[in-house]
Amino acid sequence: MLCGVDAIHVATVLEDCCDQLSILGRIMPHSFDMRQDAYEIVDNDVSELLDSQRQLESRYQSVLARKMDVRQMTQNTDKLNLIEKEVLKTGGDLKNSTHVFRRSLRQNPLTSDNTAKIQHDRIFLEAVMSETMGELIHNRTFLALLEAVELEKKRKASLQNTIQKEEDGRKRVRQLQKQLLDVKKEKETEVQNREEMIAHLKDQLQEMKAKTNMEGKYIKKCAEVAVTQTQKRCFLSEQEMKDETENLQNQIDKETRANSEIEAFLRNHHSNLEKKLDFWQEKYEKDVEAKQHELDVLKASKAKDLERLQELTKLYKEYEQVVVEDRIEKEKIRRKDEMEAIELKGAVKVQAWWRGMMVRKGFGPYGKKKKGKKGKKGKKGKKKGK
């Protein structure tokens, strides 16, 4: 609580400031008539859009996580196609929601005109100062001003929280991009390992063929040498060699069939990986473009807010200079009045002291009168009076 004099001084300054704000409001052009519930309506719409956007983002993250789990657990093509369609559908919904949210922000009636913003701030400041001036006059307090300042601090804190959430979202996007690169590198490594495995199997097949040819030649030579031996032994040896040749041929057929099946499987898997790589590359470019557009919009909004802040700072400095000059002028007048009062009081005291000295010392009209007829008459008059 202020004392009476300070409250009157502050109320006078606030009254002058309110008058100047009122004059400023008269000379400023009107952008549009503000509705009382305009801010409430816009805040409700923005809150609904933000909630819907967060729900879609959470849904998209859960679908991506489920897709990774399905890929690790199974290789079923139907399940993979189904989860891929769900991811595309969810991504499209998220893109449409982002477009609607951005368009709604651009069409906000309360932020499209800087003149309307300045007019609203002026009305708010004038109302707060008027209420504070009335409170100072009646109660010598300024609780209304403190409450208004506290509300503005809370509003700015809420805006700061929104900016922090946006920064967290950007960090999350960068993290997902990094995960996408890791998955891409992992798949490339896996493809390279499969290709190395195919080359190794081809080398083994060549070695097996060479070994089979060498063994056939050796057996043939052995058979030719053993022909000179007994016919029975030659027959048994020849039968044994035929059986072994058939077994080797069966093994070669099995290896050839297995190799062809492995090659077909690896080709199909490689084509699927290339399709997925093209899809993710295209999605990455679209997401980067959308985020760049959002960044440009935020930069433009920041520039507008900075320009408005500079204008308000300049206006505040002008008002502050006017208030300081008014205070200095009032202080000079007050000191002059005090000095005149002090001089008047000193002059009165000096005159009183001088009259007392004249009376006590008998100077001037208060001195002793000369003796004469006038003195005698005066004495007789005094006696008669007695």
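**Exercise 1.** Which elements each supply at least two residues of the lining of the second largest pocket?

*Solution.* Begin with the ground rules. This is a predicted model, in which local features need pLDDT of at least 70, side-chain atom pairs count only at pLDDT 80 or more, and totals for chains, interfaces and linings use all residues. Residues are numbered from 1 along each chain as its sequence is written, and side-chain values use heavy atoms, with hydrogens and water left out.

Next, the terms. Helices (H or I, at least four residues) and strands (E, at least two) are DSSP runs numbered from the N terminus. A pocket is found on a 1 Å grid over the protein atoms alone: it is an open set of points where a 1.4 Å probe fits, with protein on both sides within 12 Å along at least five of seven lines, and lining residues have an atom within 4 Å of a point.

The elements asked for are α5 (143-226) and α6. The space in this second largest pocket is about 350 Å³, a volume filled by probe spheres set on grid points that are joined across faces, edges and corners. Its lining has 16 residues, and those closest to its centre are Ile219, Ala223, Ser237, Glu238 and Met241.

**Exercise 2.** Into how many nonpolar, polar and charged residues does the lining of the second largest pocket divide?

*Solution.* First sort by type: Ala, Val, Leu, Ile, Met, Phe, Trp, Tyr, Cys and Pro count as nonpolar, Asp, Glu, Lys and Arg as charged, and the others, Gly among them, as polar. The lining then gives eight nonpolar, four polar and four charged residues.

**Exercise 3.** Describe the helices and the nonpolar cores.

*Solution.* Step one is the fold: the protein has seven helices and zero strands.

Step two is burial. Buried means under 20% relative accessible area, exposed over 50%, and partly exposed in between (1.4 Å probe, protein chains only). Of the 386 residues in the protein, 17% are buried.

Step three is the cores. A nonpolar core is a set of buried Ala, Val, Leu, Ile, Met, Phe, Trp, Tyr and Cys residues joined through side-chain atoms within 4.5 Å. The largest has 10 residues, among them Leu14, Leu24, Met129 and Tyr319. Two or more residues come from each of α1 (4-27) and α4 (114-139), and α1 gives the most, with six. A second, separate core of seven residues includes Leu56, Leu64, Val87 and Trp280.

With neighbours within four places in sequence left aside, Leu24 is in contact (heavy atoms within 4.5 Å) with Arg122, Leu315 and Tyr319.

**Exercise 4.** How many aromatic pairs are there?

*Solution.* Rings of Phe, Tyr and Trp (its six-membered ring) pair if their centres lie within 6.5 Å; planes under 30 degrees apart count as stacked, over 60 as edge-to-face and the rest as tilted. The count is two.

- Phe279 and Trp280 are edge-to-face, at 5.4 Å centre to centre and 70 degrees between the planes. Phe279 is partly exposed at 22% relative accessibility, while Trp280 is buried at 17%.
- Trp353 and Trp354 form a tilted pair, because their ring centres are 6.3 Å apart and their planes lie at 45 degrees. Trp353 is exposed at 52%, and Trp354 is partly exposed at 44%.

**Exercise 5.** Is Thr141 buried or exposed?

*Solution.* Thr141 lies in the loop between α4 and α5. Its relative accessible area is 14%, so Thr141 is buried. The C-alpha atoms of Thr141 and Cys3 are separated by 9.3 Å, although these residues are 138 apart along the chain.
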